[in-house]
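Student: I have a structure open and would like to learn how to read some of its features. Could you walk me through it?

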Amino acid sequence: MTTATDELHHDDHHHDHKPSGIMRWLLTTNHKDISSLYLWFAFIMFLVGGAMAMVIRAELFQPGLQIVEPDFFNQMTTVHGLIMVFGAVMPAFTGLANWMVPLMIGAPDMALPRMNNWSFWILPFAFAILLSSLFMEGGGPNFGWTFYAPLSTTYSNDSTALFVFSVHIMGASSIMGAINVIVTILNMRAPGMTLMKMPLFVWTWLITAFLLIAVMPVLAGAVTMVLTDKYFGTSFFDAAGGGDPVMFQHIFWFFGHPEVYIMILPAFGIISQIVPTFSRKKLFGYASMVYATASIALLSFVVWAHHMFTTGMPLFGELFFMIATMLISVPTGVKVFNWVATMWRGAISFEMPMMFSLAFIVLFTIGGLSGLMLAITPVDFQYHDTYFVVAHFHYVLVTGAVFSIMAAAYYWLPKWTGKMYDTTLAQWHFWCSLISVNLLFFPMHFVGLAGMPRRIPDYALQFADFNKWISIGGFAFGLSQLIFLALLIKACRKQGEPVSDQVWEGAEGLEWEVPSPAPYHTFETPPVVK
Amino acid sequence: MRNKLYQLIALALSFISTALFAASDTHPDAYQLNLTKGVTDISQEVYDLHMTIFIICVVIGAGVFAVMLWSTIFHRKSRGVKPATFHESVKVEIAWTVAPFVILIFMAIPAAQTLIAMEDTTEADITVLVTGSQWKWHYKYMDDEVEFFSLMATQQEEIKNKFEKNPNYLLEVDRPLVIPTDKKVRFLITSDDVIHSWWVPAFAVKKDANPGFINEAWTKVNEPGIYRGQCAELCGKDHGFMPVVVIAKEPAEYEAWIAEQKEIQRLAKEEEQKLLAMNMDMAELMSVGERVYATACAACHMPNGEGLPGVFPALKGSDIALNDMQKHIDVVVNGIPGTAMQSYAKQLSLKEMAAVITYERNAWGNDTGETVQAKDVNALMNGN
Ligand SMILES: [Cu+2]
Ligand SMILES: [Cu+2]
């Protein structure tokens, strides 16, 4: 701890003596620079993954095969999923943590700045490898982002090796990021900031970071076993050699379920920052929010097999995982109730971050409730692997995680740039996104219930009308994000009205006490929290 | 902005209420919004569970959104309100932790009962072994010597938008599974290659077909009819083209059908034996071969024989197809273990194998001029 601060102090002597141009970004150890890199990277990946979704929706616009071949379609669904999860949502949250955690706890930087640089700069390589595999003979990975064996082992093409390697790099990056967050939060809080005084964004990220450290190695193990099964003659997942393909799914989802909470807990943190600000009222039930987050994280380790009800588990297993999964809705419900109670009898105003947060609360709740439906094992037999599931996880991940990231961007962007962004563009972005995203994902519930399987390039005629609407919603949602791009470019060029340090009338917390824009180095002498 | 919010909420509510009241029936139509009720007692129970949990969710959601809406209207800063200062209440917090618990228990009990019934595969009247492979189903009646493959019957031209699509587009097969009504039918489900999932929504049966393991499921259909489903687990390129069709017949009709099938399969075996003594000419082999190739091989090796580079090898100009005939027969009869190239010994008759091999050796410029006869294939099979 002492050495860490000494070293940071040492850095502080040569203020702003940073290399210019590309070298500044390559070599930077400044949490704000690294965070900006993360955020831009995530946004670019969001557009790339989105472009793949456009290919998917274009093919599904009408029954029949029009645009792509089934094998390429499968590559699109696979890589779209991988990019959105590992390239867009996770790096965006890490970027937000990098910017905001030090500012919120009164620390001068992240605890491990050089590792911070590394954890970002290996990411572009991971995704370059993944994306380039699409161009090799036989194409890229086509077995779904869940890469179930033996489709990903015996029956996969040779891009699998690249896929495995790139997932390893992504995992290493996440683990480094998580270690950094934990060390920073546990060691570098300003005097007086006890754990139970930390802003909720910091709390949720602390818990997320532990989840990451717990499960990313499991993912690494899973991809490694896929690699050795495919190339080195092992039989982890091959019954002919004494293995079990279902064991793959157990391992994958032991990672995969906590992973979905990795993508939603920081979102909960963001919403818990924004709702009180614009309700001009303290967060309702701070302590229960912290406990709810922790219990969601713990429960997330014992529900994984709810993704596997149709694999033929013993009855007892099915009952256990059904009940454990239903239990998760209790702490999740507590969170939603607390946000609503925070708004209750507040003095609410509707700036952009609040609009996205309100949309988040409503739409995430819809996704959460369909999740509760999916937990009921006998009914899940009908829902499983249909568009009902696709609707569910896009409600929690797009209108959940992604909307929270946008809320966060609109909330903290003025702090980062010192200028208010173009609020007209923001309004356009919000309303276009909100309407199109529901046109995109809501009818998926209907086609799913009516029996449309997921991951198919072509479908029966009864699904044609809804799919047309879904595709139109998809294109509109995709285009709406270009408005956001325009807004961000304007904001980065520092156009707009200057803002005060506090930016938002009701905002509280250390990040609002530093100047806007936040200077390159902040909290060189730690603030004291009463 | 307020008006937009109202409109949006009205829209969402109307969506939900249409979903709620939409009549669901067993004949899927273009605007089917809800789960099928199906044609078994279990599928009806599943449907009821679905509706119960759905209504609970709608009520909870509506309650939460109503409170939110109230706040956004009456507790808005523009109305000049002063914010309250409360920020916790142990009583309220305990209440909204405990209440969901109670609701969950209320849900879990009927769900567990249905689940227990679904998993009870004992005392079945007939048993069918269902085997998935890329990309077809194989059905074997364990109590009678009847077995056959079931392949999608939709024509490529319909998929490629050259012909008009028929009403059962992608949901039709050459040979449907036939089962009796009012009898407990047990399915043993497995796979020869990757994981597939056998799903018939009208029976509420969806079970994964895992290679090397056997899963069980059962159904007891109440109404005769044709029921359609699809493979539900991503199983490679043609996962979307692997339908399941089941015809449920009255028991007497079913008995007649199965007797007829037994007879047909017996005759086919006799026919095979006769063929061994005969030679077919090139023209006949090529025409049968072309048809077999289109249904059994073109999915991977492509209609033009060029395969998919890096995934499925080309047969056009391949060494095996041009030179080593024994190896060619061997590959088709036994498959290549550990690859997607499966064994066709079970799937095709001797004549069909002979024809398709002949076809591959003479199509797309592979002009070997050689014919392969049923007896050649038989010789290799018995030589093993
Ligand atoms: Cu899960
Ligand atoms: Cu499939």
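Student: Let me begin with one residue: is B:E233 buried or exposed?

Tutor: Buried means under 20% relative accessible area, exposed over 50% and partly exposed in between, using a 1.4 Å probe and protein chains only. B:E233 has a relative accessible area of 3%, so B:E233 is buried. Before we go on, note that this is a predicted model, where local features need pLDDT of at least 70, side-chain atom pairs count only at pLDDT 80 or more, and totals for chains, interfaces and linings use all residues. Residues are numbered from 1 along each chain as its sequence is written, chains are lettered from A and ligands numbered from 1 in the order in which they are written, and side-chain values use heavy atoms, leaving out hydrogens and water.

Student: Which protein atoms are the donors of the copper ion (ligand 2)?

Tutor: Donors are N, O and S atoms within 2.8 Å of the metal (3.2 Å for Na, K and Ca); water is not among the atoms, so sites may look incomplete. Here B:E233 gives its O, B:C231 and B:C235 each give SG, and B:H239 gives ND1, at 2.1 to 2.4 Å from the ion. Along the chain, their spacing reads C-x1-E-x1-C-x3-H. B:H239 is buried too, because its relative accessibility is 2%.

Student: Why is the arrangement around the copper ion (ligand 2) irregular?

Tutor: Four donors count as tetrahedral if all angles lie between 85 and 135 degrees; four count as square planar and six as octahedral if opposite donors are over 155 degrees apart and all others between 65 and 115; anything else is irregular. The 4 donor atoms here subtend angles of 84 to 125°, so the arrangement is irregular.

Student: How many aromatic pairs are there over all chains?

Tutor: Rings of Phe, Tyr and Trp (its six-membered ring) pair if their centres lie within 6.5 Å; planes under 30 degrees apart count as stacked, over 60 as edge-to-face and the rest as tilted. A search of the whole structure finds 63 such pairs. One of them is A:F278 with A:Y411, which is edge-to-face, at 5.9 Å centre to centre and 65° between the planes.

Student: Where else do rings meet or carry a charge?

Tutor: In chain A, ring pairs link a cluster that includes A:F86, A:W145, A:Y148 and A:W253. A charge sits over a ring if NZ of Lys or CZ of Arg is within 6 Å of the ring centre and within 35 degrees of the ring normal. B:K206 has its charged end over the ring of B:W199, 4.0 Å from the centre.
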